[in-house]
Protein chains: 2
Amino acid sequence: MKLRIFVTLKPGVLDPQGRAIHKALGGLGFGGVNDVRAGKLIELDVADDTSDDRIDAMCRELLANTVIENYRIERV
Amino acid sequence: MKLRIFVTLKPGVLDPQGRAIHKALGGLGFGGVNDVRAGKLIELDVADDTSDDRIDAMCRELLANTVIENYRIERV
């Protein structure tokens, strides 16, 4: 079973990586960029009988830092 | 205009980050994980009149290393 986990910083959390990308885009001459937020995309291939709770636990225990990050699970 | 850019390693390209996550999941007792691939999710907020070509250029010039990475653009 294939899954996609989207991990993004919670609103209000400083995003130095996003800022660096935003600045670099400007430096390359790309105007009109209002904001950039950088996150993680983790593609998992797990056994078909893996429960939603187990996948949620993987996210909470390892894939996302739930203090500053949100995560969203998508089945492919 | 809000966009999501998904940047993933091309198939066959070694993914040390994915491997590290895979190993860590095993260490935490999560069995049944066949594969893990780590990528980037970049959320852009750009001016409404930004053309597809400009967005594509942002990806090719900065957001993705097209030698080893694929990118996909999604409008939110």
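1. Cys59(A) counts as buried, at 0% relative accessibility; buried here means under 20% relative accessible area, exposed over 50%, and partly exposed in between (1.4 Å probe, protein chains only). Cys59(B) is likewise buried, with a relative accessible area of 1%.

2. Basis of the note. This is a predicted model, in which local features need pLDDT of at least 70 and side-chain atom pairs count only at pLDDT 80 or more, while totals for chains, interfaces and linings use all residues. Residues are numbered from 1 along each chain as its sequence is written, chains are lettered from A in the order in which they are written, and side-chain values use heavy atoms, with hydrogens and water left out.

3. Helix H2 of chain B. Cys59(B) belongs to the buried residues of helix H2 (residues 52-63) of chain B, which also include Ile55(B), Ala57(B), Met58(B) and Leu63(B). Helices (H or I, at least four residues) and strands (E, at least two) are DSSP runs, numbered from the N terminus. Within chain B, the buried residues of H2(B) pack against strands S1 (2-9), S2 (33-46) and S3 (69-75); from chain A, helix H1 (16-27) and strand S2 (33-46) also pack against them. Contact means heavy atoms within 4.5 Å.

4. Interface. Between them, chain B and chain A bury about 2800 Å², 63% of it on carbon and sulfur atoms; buried area is the accessible area (1.4 Å probe) that two parts lose on being put together, summed over both. Phe30(B), Leu41(B) and Leu62(B) supply 20% of the area that chain B buries against chain A, more than any other three residues. In contact are 34 residues of chain B and 34 residues of chain A. Because 100% of the interface residues of chain B are also interface residues in chain A, the copies meet through the same surface.

5. Polar terms across the interface. There are zero salt bridges between chain B and chain A, where a salt bridge is a side-chain nitrogen of Lys or Arg within 4 Å of a carboxyl oxygen of Asp or Glu. The chains share 12 residue pairs in polar contact (both at pLDDT 80 or more). A polar contact is a pair of N or O atoms within 3.5 Å; within protein, one must be able to donate a hydrogen and the other to accept it, and residues adjacent in sequence count only if both atoms are side-chain atoms. S2(B) gives the most to the side of chain B that touches chain A, with 14 residues.

6. Salt bridges. The structure holds 14 salt bridges over all chains. Among them, Lys2(A) pairs with Asp45(A), the closest N and O atoms being 3.8 Å apart. Lys2(A) lies in strand S1 of chain A and Asp45(A) in strand S2 of chain A, so this pair ties together parts that are 43 residues apart in sequence. Glu74(A) and Arg4(A) also meet in a salt bridge (2.9 Å, N to O).
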